[in-house]
Amino acid sequence: MTAARPSLHPPTQAGVRSDASQPPTRVPGTSVAEVIQWSVAEVRYRGTAASMMGVAGLILLGACAGPPAPDQRAFEEHPAAEIAFTASGDIGTTPEAAATLAQIPALDAEFHIALGDLSYGDPGDEPAWCEFVAGHVGAGFPVQLIAGNHESDGLDGHIDAFAECLPERLPGMVGEYARRYYVDVPAGAPLARLVMISPGITFDDGSWSYADGSERSAWTRRAIEGARTSGIPWVIVGMHKPCLSVGNYECDPGPEIADLLVSAGADLVISGHEHLYQRTAQLGHGPRCDSIAPDEIAVDCIVDDGDHLEQGAGTVFVTVGTGGTALRDVHSGDREAGYFVAWSGANAEPSWGNLRVGLSRSALVVDFVPAVGAFTDEFGIAAADMPSEPVDR
C-alpha cells in the first residue's frame with residue numbers, strides 16, 4: 001500500500017478527447033472501468049476549467065469488445081454530472097481555510113457541506129466566521145452544516161449560532177438542521193439523499209448514541225432505506241467523527257455505526273474530525289464478514305480496493321478534515337490501515353482542499369481537489385440500475 005495515489009495523466013486514448021479547450025467525450029463500447037473514468041474526466045473538465053487548478057485527468061483502460069452493458073448505455077444518455085457539491089471539515093480562519101473556501105465556487109458546486117469543527121473561535125464570534133465564509137463562497141451560497149465536537153456544546157462557539165448565520169438553504173429538509181437531518185437533491189427530481197448524523201457528538205443534552213436499538217440508529221436506517229424505496233439513486237451520509245481511521249482517534253462514534261451504514265446501504269460516507277484525508281476500500285458484509293470492526297482488519301469485508309466500483313457491493317468511507325486547520329500525521333502502522341487505499345496528511349503529501357462529488361443517475365464520481373498542496377484522489381461508483389424516469393417528489 002502506498003501513502004498516496006500517483007497523479008493520473010490526461011486521458012488520451014480512444015474513449016476520451018483530451019483537448020483542454022473542450023470537455024471530454026465518450027466513445028460507445030468501452031468497458032465499465034472506462035465508463036467511470038470517462039465520467040470522472042467530464043467532471044474534472046468542468047471543475048478544473050472553472051478553477052484553473054490544472055488537476056490531471058484519467059488514463060483510459062483498453063477498450064472492451066462487444067456492446068455496452070446497461071449501466072454503460074446510461075452514461076451515453078446522461079453523459080455529465082447533473083449536480084455537484086463539495087465537502088470539507090475542520091476549517092478555522094487560516095490562510096489554508098481561505099484558499100479552501102475560495103476554491104468552492106471554482107469547482108462548479110451547487111452547495112457545500114461543512115463537516116464540523118467550524119471556526120475554532122470564541123463564543124460570540126460565530127457571525128464573524130460566517131462572514132468569513134460568505135466572503136469566499138459568496139453571499140447566499142448554500143453551506144450546509146453538521147456539528148463537530150468543537151461547537152456542539154459551545155466550546156468554540158455554539159452550533160445553534162452557526163446555524164443561524166449559515167441557515168439551511170436546500171428545500172425539503174427533514175429533521176433538525178446541523179444536528180440530524182436529511183435532504184434530497186435536487187428537490188424536484190432527486191439524484192441523492194444526504195443524511196447528516198452526529199454519532200459520538202456531545203450536545204447540550206448529552207452525548208448522542210447511535211448504538212443498535214437506539215432511536216437515532218432506527219432513524220438513520222429509515223432515512224437511508226426510505227431513499228431506496230423512493231427510487232432515489234444515491235445515498236450519501238455525512239457525520240463529523242469517523243469510526244475507521246489512520247489518524248489520531250479511536251472509534252468515538254461507537255463500533256456499531258459502520259455496520260449500520262453498510263447494512264442500510266449507504267453508498268458513500270463522508271466525515272471530518274481527523275485533520276487529514278483518507279479513503280477506505282469499498283467495504284461490505286458477506287458470508288464471512290459479519291462486522292466491519294475497528295482496530296482490526298476483516299479481510300473478507302474488503303469488497304473492492306480499486307477506483308472503479310459498482311453500486312450495491314458496499315460502502316466507501318472518506319474523511320476530508322482538510323478544510324484549513326493544521327494537518328496531522330497519517331499513522332501507516334495503524335491496525336485499521338489495511339482498510340484504506342488512499343491517504344494524505346502532515347507526513348504524507350500534505351494538502352488542504354475539498355472533496356467534490358458529482359452525481360448523475362448513472363454514476364457517483366468523487367475527487368479530492370487540493371487548494372494548497374498537490375495530493376489528489378479520485379474514484380467512481382457506477383449505478384447498479386436506474387429508474388426509467390426521474391422520481392417525482
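Predicted model: local features only at pLDDT ≥ 70, side-chain atom pairs only at ≥ 80, totals over all residues.
1. Just after α4, Gly-138 takes a positive phi of about 110°.

2. The buried residues of α4 are Glu-126, Trp-129, Cys-130, Phe-132, Val-133 and Val-137. They cover an arc of only 155° around the axis, which puts them on the same side of α4. An α-helix has 3.6 residues a turn, so residues three or four places apart point the same way. The face turned away from this buried side carries Glu-131 and Gly-135, both of them exposed, while the buried residues pack against α3 (95-106), β3 (143-145) and α5 (159-165).

3. Helix α6, residues 215-229, has 15 residues and reaches 20 Å from its first C-alpha to its last, close to the 21 Å expected at 1.5 Å a residue. Its buried residues are Ser-217, Trp-219, Thr-220, Ala-223, Ile-224, Gly-226 and Ala-227, and their packing partners include the strands β4 (174-176), β5 (180-185), β6 (192-196) and β9 (234-238), together with helix α7 (256-264).

4. A search of the whole structure finds 3 disulfides, and with bonded cysteines counted along the chain they follow the pattern 1-2, 3-4, 5-6.

5. Cys-130 and Cys-165 form a disulfide with their sulfur atoms 2.0 Å apart. This pair links distant parts of the chain, with Cys-130 in helix α4 and Cys-165 in helix α5, 35 residues apart. The torsion about the S-S bond of Cys-130 and Cys-165 is about 40°, so the disulfide is right-handed. Cys-130 is buried, with a relative accessible area of 4%, whereas Cys-165, at 25%, is partly exposed.

6. Cys-243 is joined to Cys-251 by a disulfide with an S to S distance of 2.0 Å, and with -110° about the S-S bond this link is left-handed. Cys-243 counts as buried at 5% relative accessibility; Cys-251 has a relative accessible area of 17% and is therefore also buried, given that buried means under 20%.

7. The disulfide between Cys-289 and Cys-301 has an S to S distance of 1.8 Å. Both cysteines lie in the loop between β12 (282-283) and β13 (302-304), 12 residues apart. With 100° about the S-S bond, the link of Cys-289 and Cys-301 is right-handed. Cys-289 is buried at 2% relative accessibility, and Cys-301 is buried with a relative accessible area of 0%.

Technical notes
Residues numbered from 1 in each chain as written. Heavy atoms only, no water. Buried < 20%, exposed > 50% of the residue type's maximum accessible area, 1.4 Å probe, protein only. Helix = DSSP H or I, 4+ residues; strand = E, 2+ residues; numbered from the N terminus. Arc of directions from axis to C-beta. Contact = heavy atoms within 4.5 Å. Expected span 1.5 Å × (residues − 1). Disulfide = S-S within 2.5 Å.
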